[in-house]
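I opened the model to look up two things.

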Amino acid sequence: MSRKVYEEICQIVYEQCGINLGEKKHALVHGRLGKRLRALGLQCYEDYLEFLLEDESGDEIVQLLDVISTNHTHFFREPTHFEFLQEVLQKKLKAGNRKFRIWCAAASSGEEPYTLSMVAQEACLGYEVDLRILATDISTKVLRQCLKGEYEEQKMAGISADLRKKWWKKIGDDLWSAKASLRKPLTFTRLNLMESPYPMSGPFDVVFCRNVMIYFDIHGRQKVISEAQRLLGTNDILIVGHSESLNGINHDFKMIKPSVYQRNY
């Protein structure tokens, strides 16, 4: 792939979803787009770029973003965040709240939203609650995995035996499927975080926006945080990845602890 083609593709990706690939991702993009060339029967990356630019349906843009997106996750990743979520929900329950709305901004292949469903439902045991969890991602590929809700044994390692027994069923020698009760609060849908305002009305009690902003420049991060702030209820919670912060971003959040913020008004 020539430098010129790579730079044009990088610009398209940035304009479409805010991901800043930079110079160091040349080999990654070259390898991943090779799959699209083979699928489309194209001979070179110049032909692919031309095809991409001429595709008025927008379907190939979606395919491009699917192969470019990085999806590294696992169940109960950064576990202190889920412990904090449990505390937040139990505090709200004691205050009389029975309606909870949670947004997972980057569903990836589903491990985080299914973890949220387990943790939230466990926190609400003994109460009749209205719990809904919105899980979004830009990649249609990973959203199909989310909806399928099936994971190999090795991916289940972070889930205790008790939680597996309660919320999952084994459907093969090496495969587990989410039970209907685990799926019930979850809604999966595609969302481009660079297209604001977002279509949700809120308010959310908790927003998980973890390990997303590392792919955006300051303008993209500002857009995401401004929308999260708009969609959260008063004094409600934003959780970002441990490697992320709100430094350099205009906001009205108060930091509760590293990577955990509370809307101030």
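**Aromatic rings**

I found Phe75, Tyr114, Tyr151, Trp168 and Phe188 linked into a cluster by ring pairs. The model is predicted, so I kept its limits in mind: local features need pLDDT of at least 70, side-chain atom pairs count only at pLDDT 80 or more, and totals for chains, interfaces and linings use all residues. Numbering runs from 1 along each chain as its sequence is written, and side-chain values use heavy atoms, with hydrogens and water left out.

I searched the whole structure and got 10 aromatic pairs. My rule: rings of Phe, Tyr and Trp (its six-membered ring) pair if their centres lie within 6.5 Å; planes under 30 degrees apart are stacked, over 60 edge-to-face, the rest tilted.

I looked up Trp103 and Tyr198. Their ring centres are 5.8 Å apart and the planes stand at 75°, so this pair is edge-to-face. It links distant parts of the chain, 95 residues apart. Trp103 is in strand E1 (residues 99-104), while Tyr198 is in the loop between strand E6 (186-190) and strand E7 (204-209). Helices (H or I, at least four residues) and strands (E, at least two) are DSSP runs, numbered from the N terminus.

The cut-offs: buried is under 20% relative accessible area, exposed over 50%, partly exposed in between (1.4 Å probe, protein chains only).

Next I took Tyr151 and Trp168. They form an edge-to-face pair, 5.8 Å centre to centre with 80° between the planes. Tyr151 lies in strand E3 (residues 150-152) and Trp168 in strand E4 (residues 168-172), so the pair ties together parts 17 residues apart in sequence. Tyr151 is buried at 2%. Trp168 is buried at 2% as well.

**Charged patches**

Like charges are joined within 9 Å.

Lys35, Arg38, Lys141 and Arg144 gather in a positive patch. Helix H2 (26-40) and helix H7 (140-148) each give two or more residues to this patch. I checked Lys35, which is in helix H2. Lys35 counts as exposed, at 52%.

Glu46, Asp47, Glu50, Glu54 and Glu56 form a negative patch. Glu50 sits in helix H3 (residues 45-54). Glu50 is partly exposed, at 44%.

How values were computed
Patch = residues over 30% accessible without salt bridge, like charges linked within 9 Å, V, L, I, M, F, W, Y side chains within 5 Å. Areas by Shrake-Rupley, 256 points an atom, 1.4 Å probe, with all protein chains shown as cover. Salt bridge = Lys/Arg side-chain N within 4 Å of Asp/Glu carboxyl O. Lys, Arg positive; Asp, Glu negative; His and termini not counted. Charge placed at Lys NZ, Arg CZ, Asp CG, Glu CD.
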